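Here's a quick briefing for anyone meeting this protein for the first time. Have a look at the sequence and the model, then read on.

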Amino acid sequence: MCDFMNKDQLAFYKGQIERHIVELEERLNSQASQAIATDTNEMADEIDRASIEEARRLELNRIEHDKLHLRNLKGALRRISEGEFGYCESCGEQISLKRLQARPESRFCLECQSTKEFNDNHVFRRVA
Ligand SMILES: [Zn+2]
C-alpha cells in the first residue's frame with residue numbers, strides 16, 4: 001500500500017496525471033491529422049519532397065514519443081488505483097517525491113532507472 005503519501009498527495013498526482021493525459025490526447029489528435037495533411041505533393045520537386053519527408057518523419061517520431069508517454073501516464077493512474085503508485089517496479093523502494101513531482105509517471109526509482117538506462121543504452125532526462 002502507498003503509506004508514505006497521504007490521500008491529498010495521491011489526489012494531487014492523480015489530478016496532474018489526468019490533466020496531462022487530456023493534453024497529450026488532444027495533441028495526438030491534432031498531430032495525426034497534420035501528418036496526414038502534409039502528404040507529399042506530386043508537384044513538389046526532389047528537394048521539397050525530401051524535406052517534407054523529413055518533417056513527416058520527425059512528426060511521426062513525436063507522435064510515437066507522445067503515445068509512449070500516454071501509456072506510461074495511464075499506467076501510473078492504474079498504479080494509483082491499485083495502491084502501488086510511488087513504488088519502484090524493480091526494487092520496490094519508494095520513489096522520491098521530488099522525482100514524482102517532475103515525472104508522476106515514473107515507474108522506477110532513480111537508481112533502477114539509471115541501471116535500466118545504462119542497459120538500454122538510452123538516455124532520458126534524469127530527475128533526482
Ligand atoms: Zn528501484
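**A first look**

Arginine 27 sits in helix α1, which covers residues 7-37; helices here are DSSP runs of H or I at least four residues long, strands are runs of E at least two long, and both are numbered from the N terminus. This is a predicted model, so local features need pLDDT of at least 70 and side-chain atom pairs count only at pLDDT 80 or more, while totals for chains, interfaces and linings use all residues. Residues are numbered from 1 along each chain as its sequence is written, and side-chain values use heavy atoms, with hydrogens and water left out.

**The overall layout**

- Of its 128 residues, 30% count as buried (buried means under 20% relative accessible area, exposed over 50%, and partly exposed in between, with a 1.4 Å probe and protein chains only).
- Take the contacts (heavy atoms within 4.5 Å) with a separation of 6 or more: 58% of them are between residues 24 or more positions apart.

- Arginine 27 is partly exposed, because its relative accessible area is 44%.
- Aspartate 66 lies in helix α2 and counts as buried, because its relative accessibility is 2%.
- The side chains of aspartate 66 and arginine 27 are joined by a polar contact of 2.8 Å (a pair of N or O atoms within 3.5 Å; within protein, one must be able to donate a hydrogen and the other to accept it, and residues adjacent in sequence count only if both atoms are side-chain atoms).
- Along the sequence these two residues, arginine 27 and aspartate 66, are 39 residues apart, yet their C-alpha atoms are 8.5 Å apart in space.
- Setting aside neighbours within four places in sequence, aspartate 66 touches Leu24, Arg27, Leu28 and Gln31.

**Helix α2 itself**

- Helix α2 runs over residues 46-81, and its 36 residues should span 52 Å at 1.5 Å a residue; the end C-alpha atoms are 53 Å apart, which agrees (the expected span is 1.5 Å times one less than the number of residues).
- Among the buried residues of α2 are Glu59, Ile63, Asp66, His69, Leu70 and Leu73.
- An α-helix has 3.6 residues a turn, so residues three or four places apart point the same way.
- After α2 comes glycine 83, with a positive phi near 75°.

**The zinc site**

- Which residues hold the zinc ion? Cys88, Cys91, Cys109 and Cys112 coordinate the zinc ion through their SG atoms, at 2.3 Å (donors are N, O and S atoms within 2.8 Å of the metal, or 3.2 Å for Na, K and Ca; water is not among the atoms, so sites may look incomplete).
- The site is tetrahedral, with angles of 104 to 117° among the four donor atoms (for four donors, that label needs all angles between 85 and 135 degrees).
- The spacing of the donor residues in sequence is C-x2-C-x17-C-x2-C.
- Cysteine 88 is buried, at 5% relative accessible area, whereas cysteine 91 is partly exposed, at 40%.
- An unreviewed UniProt entry places "zinc finger region: dksA C4-type" at residues 88-112 (UniProt positions use the numbering here, feature names are shortened, and annotations may be inferred rather than shown by experiment).
- Over residues 88-112 the chain is 36% helix and 0% strand, with its end C-alpha atoms 8 Å apart.

Key. Tetrahedral: all angles 85-135°; square planar, octahedral: opposite > 155°, others 65-115°.
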